[in-house]
Every structure is written in C-alpha cells, then in structure tokens.
Amino acid sequence: MEFQPIATIYNDFSTKFGLPRQSGMSEHLLSEVVMEPRFSNIEAFRGLEDFDYIWLIWVFAPMGKREWSPTVRPPKLGGNKRMGVFATRSPNRPNPIGLTRVRLVSVKADARGTVLTVAGADLMNGTAILDIKPYLPFADSVPDASAGAYERQPAPLTVDIPEDIAALFSETQLAALEEALSLDPRPGYQNDETRVYGFAYCGYDVRFRVESGTVRVVGVES
C-alpha cells in the first residue's frame with residue numbers, strides 16, 4: 001500500500017518543540033497548505049469555502065522517524081504515566097499518520113497553484129498532507145465525550161514578552177507566539193524555574209523561562 005502527498009503545509013514553526021500539541025489551541029497560528037501540481041485543480045475545491053473547518057490527514061515524517069512502541073509516556077502528562085500508544089496521540093505509531101482539525105481561512109489560486117490558508121494547525125513547517133476532508137459538526141463533534149487521562153488540562157500561563165522583542169513580529173505572529181508560550185511548551189516533568197528553554201519561530205530562536213506561572217521571554221537569537 002502506497003500513498004503520495006497531495007500538499008505541503010508551511011508556517012513559522014520549523015521544529016516540534018514550541019509547536020501547539022493539539023489543533024485549535026493556537027487559533028492565531030496561520031499556515032498555508034500548498035497543493036502539489038497534480039492535485040492543484042481549483043475545481044477539486046469547489047464548495048470547500050462553505051465550510052468553517054476542515055480535517056487534514058498528514059505524516060509525522062518531519063518530527064523524526066522512531067520505532068513504534070506499544071506503550072508510551074506522554075510528556076504533557078508528566079512523562080511518568082505509561083499509556084497504550086493507541087490511547088494517546090504520540091507520533092511513535094505503527095503508521096506515523098496524524099489527524100488535525102483546522103479553521104479554513106481561505107481558498108485561493110496563485111503562482112504556486114491552489115493554496116489553503118488555515119488557522120490552528122499543530123503541524124511543523126514542511127509537513128506532507130495526505131488528504132483534506134470537510135469538518136461536519138453534526139457528525140464530528142461530541143462535546144460531552146470523555147477525554148480519559150487528558151480530561152483535565154492546566155490553565156494557560158501568563159506570558160511576558162519585552163516590547164523590543166515583540167516588535168520583531170507582526171501582530172498575528174506575536175499573537176500566535178503568545179498562545180504557544182501560554183500552553184507551556186515544556187515537557188510536563190520539567191519544572192526548573194531557572195532553566196532557559198528555546199524553540200525556533202519565525203526565523204528566531206525564542207528563549208524563555210517559566211517562573212511562578214509566568215512565561216518570560218528572555219531573549220531571541222537569529
């Protein structure tokens with residue numbers, strides 16, 4: 001069985017560290033889904049603009065190839081709780097395929113072909129897209145469903161970004177950065193308030209530490 005990518009997604013996150021761990025958690029994070037020439041016929045998207053949200057089916061390849069394991073330790077659950085891989089969204093799967101719900105901002109054709117602008121993706125820059133499907137609220141949403149070990153998520157952290165650093169980003173880029181930082185990118189088992197962390201964003205290495213519930217950006221490196 002073979003599959004071929006139909007598109008590639010592009011955004012400001014070139015590494016997985018710092019990237020929102022679930023879709024919809026950073027609604028200001030905009031990405032472009034650029035279709036491959038073979039699948040770029042605008043007629044293939046007729047009617048898609050009538051949907052607010054779509055599903056992206058994609059490949060974990062940019063996040064690194066690792067052998068699958070029947071059990072994993074999800075970092076966001078503290079790294080100490082072992083769970084079955086099929087009860088998590090770990091990338092260490094038999095088939096490294098992801099499923100993401102994103103808000104559809106626009107569908108347009110330009111020199112690159114057909115391009116979908118989407119918001120709220122949890123995919124790295126350069127990730128291959130295998131398929132696109134419309135999101136149907138009456139079939140895809142179950143608001144009262146149990147979320148198992150993920151039922152309780154911590155409240156967002158306060159974010160402090162110095163003005164001179166904030167000025168490096170556009171309004172939308174800054175909003176997406178604040179959302180990503182508020183979600184606490186650190187693994188759940190790391191809580192050293194003196195440690196400085198960093199992740200790649202918009203061509204910069206954003207350096208931060210977490211102190212008493214506040215994420216403080218302490219510098220950027222280009």
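Me: Which residue of β11 is the bridge partner of Gly198?
Reply: This model is predicted: local features need pLDDT of at least 70, side-chain atom pairs count only at pLDDT 80 or more, and totals for chains, interfaces and linings use all residues. Residues are numbered from 1 along each chain as its sequence is written; side-chain values use heavy atoms, without hydrogens and water. Strands are DSSP runs of E (at least two residues) and helices are runs of H or I (at least four), numbered from the N terminus. In β11, the partner of Gly198 is Arg207.

Me: How many bridges pair β10 and β11?
Reply: Two strands pair if DSSP finds at least two bridges between them. β10 and β11 pair in the antiparallel sense. Their bridges number five.

Me: Which residue in the hairpin of β10 and β11 takes a positive phi?
Reply: This hairpin has two residues between its strands. The positive phi is near 55°. It belongs to Cys202.

Me: Which residue of β12 stands opposite Arg207?
Reply: β11 and β12 run antiparallel, joined by seven bridges. Arg207 stands opposite Gly219.

Me: What is the phi of Ser212, in the turn between β11 and β12?
Reply: β11 and β12 form a hairpin with two residues between them. Ser212 lies in that turn. Its phi is positive, about 50°.

Me: How far does helix α3 reach from its first C-alpha to its last?
Reply: α3 covers residues 171–182, which is 12 residues. The expected span is 1.5 Å times one less than the number of residues.

Me: Which elements are included in what covers the buried residues of α3?
Reply: Buried means under 20% relative accessible area, exposed over 50%, partly exposed in between (1.4 Å probe, protein chains only). Leu174, Leu177 and Leu181 are among the buried residues of α3. Cover is judged by contact, meaning heavy atoms within 4.5 Å. The cover includes β9, α2, β10, β11 and β12.

Me: Which residue just after α3 takes a positive phi?
Reply: Look just past the end of the helix. The phi there is about 60°. The residue is Asp184.

Me: What is the radius of gyration of the protein chain?
Reply: The radius is taken over C-alpha atoms, and the globule rule is 2.2 Å times the number of residues to the power 0.38. For 222 residues, a compact globule would be near 17 Å. The chain agrees with that, at 18 Å.
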